[in-house]
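Trainee: I would like to learn how to read a model like this one. Can we take it feature by feature?

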Amino acid sequence: MSENKKVTIQVKDNGSIRITGDVELLDADGNVYDPKPAFSLCRCGASSNKPFCDGTHKKIGFEDKSRVGQ
């Protein structure tokens with residue numbers, strides 16, 4: 001990780017969780033996934049590339065429009 005950039009996590013409507021900024025993503029054993037400046041995590045549970053989003057939510061009709069305070 002080179003520079004400290006504020007981490008932003010955005011829950012996308014009917015889709016993934018988008019993460020940008022200087023963050024490490026670890027598996028259950030503490031191994032670091034290949035670092036990227038931005039990536040999307042699966043929220044629908046159907047991705048074939050878990051924990052990352054592969055767009056399957058569009059094919060299966062995943063719907064969720066979570067908002068703060070709801």
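Trainee: Which residue in β2 stands opposite Val 11?

Mentor: Ile 17 in β2 stands opposite Val 11. Before we go on, note that this is a predicted model: local features need pLDDT of at least 70, side-chain atom pairs count only at pLDDT 80 or more, and totals for chains, interfaces and linings use all residues. Residues are numbered from 1 along each chain as its sequence is written, and side-chain values use heavy atoms, with hydrogens and water left out.

Trainee: What counts as a helix or a strand, and how many of each does the protein chain have?

Mentor: Both are DSSP runs, numbered from the N terminus: helices are H or I with at least four residues, strands are E with at least two. The protein chain has one helix and three strands. From the N terminus on, their order is β-β-β-α. The C-alpha atoms fill a box of roughly 35 × 30 × 20 Å along the principal axes.

Trainee: How do the strands pair, and in what order do they lie in the sheet?

Mentor: Two strands pair if DSSP finds at least two bridges between them. Here the three strands form an open sheet in the order β1-β2-β3, with antiparallel pairing. The edge strands are β1 (8–11) and β3, and each pairs on one side only. Neighbouring strands are turned by 20° against each other on average, direction ignored. For that angle, axes are lines fitted to C-alpha atoms, for helices over the stretch in contact, and angles run from 0 to 180 degrees between N-to-C directions.

Trainee: How many bridges join β1 to β2?

Mentor: Four bridges join them. One partner of Thr 8 is found in β2: Thr 20. β1 and β2 form a hairpin with five residues between them, and Asn 14 in the turn has a positive phi of about 55°. Now move to the other side of β2. Four bridges join β2 to β3, again antiparallel, and Arg 18 stands opposite Ser 40 in β3.

Trainee: Where do side chains point in a regular strand?

Mentor: They alternate between the two faces of the sheet.

Trainee: How many aromatic pairs are there, and what is the rule?

Mentor: Rings of Phe, Tyr and Trp (its six-membered ring) pair if their centres lie within 6.5 Å; planes under 30 degrees apart count as stacked, over 60 as edge-to-face and the rest as tilted. By this rule the count is two. Tyr 33 and Phe 52 pair edge-to-face, 5.4 Å centre to centre, with 85° between the planes. Tyr 33 lies in the loop between β2 (17–20) and β3 (38–41) and Phe 52 in the loop between β3 and α1, so the pair ties together parts 19 residues apart in sequence. Phe 39 and Phe 52 also pair edge-to-face, at 6.0 Å centre to centre and 85° between the planes. That pair links strand β3 to the loop between β3 and α1, 13 residues apart. Tyr 33, Phe 39 and Phe 52 form one aromatic cluster.

Trainee: Why does Thr 56 count as buried, and what does it touch?

Mentor: Thr 56 counts as buried because its relative accessibility is 13%. Thr 56 is found in helix α1 (residues 56–60). Contact means heavy atoms within 4.5 Å. Leaving aside neighbours within four places in sequence, Thr 56 is in contact with Ala 46 and Ser 47. Its side chain also makes a polar contact with the side chain of Asp 54, at 2.5 Å. A polar contact is a pair of N or O atoms within 3.5 Å; within protein, one must be able to donate a hydrogen and the other to accept it, and residues adjacent in sequence count only if both atoms are side-chain atoms.

Trainee: Where is Ser 47 placed?

Mentor: Ser 47 sits in the loop between β3 and α1. Ser 47 is buried, with a relative accessible area of 5%. The Ser 47 side chain reaches the backbone oxygen of Phe 52 at 2.6 Å. Residues that Ser 47 touches, beyond four places in sequence, include Cys 42 and Cys 53.

Notes. Buried means under 20% relative accessible area, exposed over 50%, partly exposed in between (1.4 Å probe, protein chains only).
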